[in-house]
Structure formats: C-alpha cells, structure tokens
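Here are my notes on the model, point by point. Please read them with the structure open.

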Amino acid sequence: MTKPAATPSDYTFLQDAPPGPSFTRTWPVRTGDVNPERRVRLDGVARYLQDMANDEMFHRGFETTDPYWLVRRTIIDVVAPLTWPADVTLTRWCESTSSRWCNMRISLRDTAGGHVETESFWIRFNADTGMPTHISDGGMEYLSKHVAETRLRWKALNTEAPPVPSDTDREVALRATDYDPFQHLNNASYWQLVEDDLDGDPILLAPHRAIIEYLAPLPLGSRVQVRSRRDEQGYRQWLFRLNTDGVPDPKPAAAISVIPLPGEPFGPPAPFPPKQVEKVEWRT
C-alpha cells in the first residue's frame with residue numbers, strides 16, 4: 001500500500017532539541033528585520049538562518065572543503081514571534097543526512113519570549129557543474145554525529161497545483177540587491193513577496209508554519225509573476241519566471257505555503273519605549 005504524501009500540516013521535525021553539541025550564536029534584533037508592529041518578518045528569520053549557516057561554515061573550517069550549498073526547502077514554525085527590542089539566541093544542529101544533502105535545524109528564542117523553530121534542506125553542490133556532489137569526509141563526520149536519519153530523501157510538501165493565470169496575478173521587478181554572491185536570488189528576498197501579500201493578515205497574528213520550496217533558479221535579470229491563493233486552509237504562493245515575451249514558464253520556480261498552527265493569537269509586544277523612571281537632561 002502506497003504511503004500518502006506528506007503535507008505541510010502533518011510534517012514533523014525528527015528532533016525537538018539538539019541531542020549533542022550544537023552551534024550557538026546570540027545577537028540583537030535589528031530594526032531592519034521587523035515590521036511596524038516590531039515583529040521579526042519571515043524574511044528577517046530567513047536572513048538569520050543564512051547568517052548562521054555562513055558563520056558555522058567558517059567556524060568549523062568547512063569553507064575549504066564544503067564551501068558551496070543551496071537551500072531546497074525551509075520550514076519556519078512561528079510559535080511566538082521574535083520582536084524588537086530583544087536579543088535572539090540561535091541554536092543550529094544537523095538532524096538528518098545523506099551523502100549529498102542534509103536537514104539543518106535552527107531553534108530561535110529571544111529575550112522577549114519569542115520562539116521560532118526551523119528546518120532547512122541543504123544540498124552540497126559543485127560550483128563547476130552546478131550539480132549535487134558528495135559532502136566531504138570531514139563534513140560528513142561532523143554532521144552525522146547526532147542525526148536521527150542517515151538516508152534522508154527529498155519529498156516535496158508544497159504539492160498543491162498552482163492556479164491558472166488570472167487577472168489577480170502580478171509581475172514583480174527583482175532588484176540587483178536581491179541577489180547573492182553566486183547570482184542566486186537571496187533566500188530572504190522570496191519571503192519579502194510573502195510578507196507583502198500577507199501584510200495585516202490574521203494568519204501572521206497567531207502560531208503559523210511557513211514553508212518555501214525552491215524549484216528552479218531565478219537568475220539575475222529575471223521577470224517574475226506572482227500567483228497566490230488565500231482560503232480557510234491558509235495562504236499559498238507560486239512564483240513563475242517570465243520569458244522575454246512575458247509568458248510564464250510552465251512550472252513554478254518556487255512554491256510557498258503559510259498555514260495556521262494550534263495556539264492562541266499573539267499578544268502585543270511589550271510597550272516601547274519602557275516607562276521612563278528618571279528624567280535625563282541633555283547638556284552641551
């Protein structure tokens with residue numbers, strides 16, 4: 001009997017916490033990562049995950065043996081939103097591996113009570129061929145120390161078929177600042193399009209799960225069409241690359257879903273600035 005495909009709502013992480021030594025960093029939440037209500041946006045979370053991966057690569061010395069990686073999927077579970085002002089602590093560890101890819105978990109908690117759990121499917125690739133390649137022996141030895149699975153396989157979660165083209169589709173101009181050193185659209189830039197669509201939507205005001213799956217590259221200079229659907233199940237978005245005639249590719253370049261998780265709506269962040277208890281007089 002064929003096992004039913006996993007869906008965004010029934011997918012579960014293999015580990016709730018690192019079973020062994022992990023990589024940890026703490027830094028302040030910056031105002032460039034938050035919305036007007038001081039919530040760290042989804043693109044801000046994605047930027048944190050990217051920075052942590054980069055920091056750990058250099059910390060472990062893998063920039064010479066395993067320098068090139070691509071993210072195939074990122075899952076972001078917002079249990080309680082990260083907010084400004086606060087310090088956020090990120091804990092990163094490897095949850096499962098195969099010879100060419102791995103699932104990396106990052107748990108984020110801030111000093112204001114924010115809590116976000118994430119998982120990213122990373123693929124080690126060869127810069128000359130652009131194809132997946134074996135993780136180095138040293139990299140594999142480190143990554144596989146405390147994993148729950150050593151035969152990781154790719155299974156898509158955002159499998160819903162995109163809607164047909166309609167008048168509600170919109171074209172987005174990608175900017176030069178959206179691209180990384182490898183001329184790939186920065187992972188955080190995808191989430192900016194989601195935040196733009198969901199600005200003020202109640203789905204972001206309670207616990208939620210956001211999943212993005214990168215399906216095809218969007219090279220520098222691409223024109224992109226955004227299609228989306230919002231219903232009682234949640235929000236879905238698909239990005240299509242447009243050709244020179246403005247016709248979208250047959251298949252999407254990315255598929256995104258945002259669905260509610262169990263839990264009560266979020267309360268407002270602590271007031272800012274805090275109550276002033278002492279008058280400060282500025283003198284020249």
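1. **The pocket and helix 1.** Helix 1 gives eight residues to the lining of the largest pocket, the most of any element. Helices here are DSSP runs of H or I with at least four residues, strands are runs of E with at least two, and both are numbered from the N terminus. This is a predicted model: local features need pLDDT of at least 70, side-chain atom pairs count only at pLDDT 80 or more, and totals for chains, interfaces and linings use all residues. Residues are numbered from 1 along each chain as its sequence is written, and side-chain values use heavy atoms, with hydrogens and water left out.

2. The largest pocket holds about 1100 Å³ of space. Its lining has 42 residues, and Trp 69, Leu 70, Val 71, Trp 122 and Phe 125 are the closest to the centre. Elements giving two or more residues to this lining are helix 1, strand 2 (69-80), strand 4 (101-110), strand 5 (115-124), helix 2 (137-143) and helix 3 (187-197). A pocket is found on a 1 Å grid over the protein atoms alone: it is an open set of points where a 1.4 Å probe fits, with protein on both sides within 12 Å along at least five of seven lines, and lining residues have an atom within 4 Å of a point. Points are joined across faces, edges and corners, and the volume is the space filled by probe spheres set on them.

3. **Lining by class.** Which class leads? The lining of the largest pocket has 27 nonpolar, eight polar and seven charged residues. Ala, Val, Leu, Ile, Met, Phe, Trp, Tyr, Cys and Pro count as nonpolar; Asp, Glu, Lys and Arg as charged; the others, Gly among them, as polar.

4. **Helix 3.** Is this helix mostly covered or open? Eight of the eleven residues of helix 3 are buried. Among them are Tyr 190, Trp 191 and Glu 195. Buried means under 20% relative accessible area, exposed over 50%, and partly exposed in between (1.4 Å probe, protein chains only). Asn 186 caps the N-terminal end: a side-chain oxygen lies 2.8 Å from the backbone nitrogen of Ala 188.

5. **Arg 39.** This residue sits in the loop between strand 1 (23-28) and helix 1 (42-60). Arg 39 counts as buried because its relative accessibility is 12%. Its side chain makes a polar contact of 3.0 Å with the side chain of Glu 195. A polar contact is a pair of N or O atoms within 3.5 Å; within protein, one must be able to donate a hydrogen and the other to accept it, and residues adjacent in sequence count only if both atoms are side-chain atoms. Leaving aside neighbours within four places in sequence, Arg 39 is in contact (heavy atoms within 4.5 Å) with residues including Asp 33, Pro 81, Leu 82 and Leu 204.

6. Arg 41 is in the loop between strand 1 and helix 1. Arg 41 is buried, at 18% relative accessible area. A 2.8 Å polar contact joins its side chain to that of Asp 43. Not counting residues up to four places away, Arg 41 also touches Glu 195. Arg 38 lies in the loop between strand 1 and helix 1, and its phi is near 75°, a positive value in a residue other than glycine.

7. **Leu 82.** Leu 82 is in the loop between strand 2 and strand 3. At 1% relative accessibility, Leu 82 counts as buried. Beyond four places in sequence, the residues that Leu 82 touches include Arg 38, Arg 39, Tyr 48 and His 115.

8. **Cis peptide bonds.** Check two places. A cis bond joins Trp 84 and Pro 85, with omega about 0°. Pro 85 is in the loop between strand 2 and strand 3 (87-97). The bond from Phe 272 to Pro 273 is also cis, with omega near 0°. Pro 273 lies in the segment after strand 10 (254-260).

9. **Lys 155.** Buried or exposed? Lys 155 counts as exposed, at 54% relative accessibility. Lys 155 lies in the loop between helix 2 and strand 6 (170-173).
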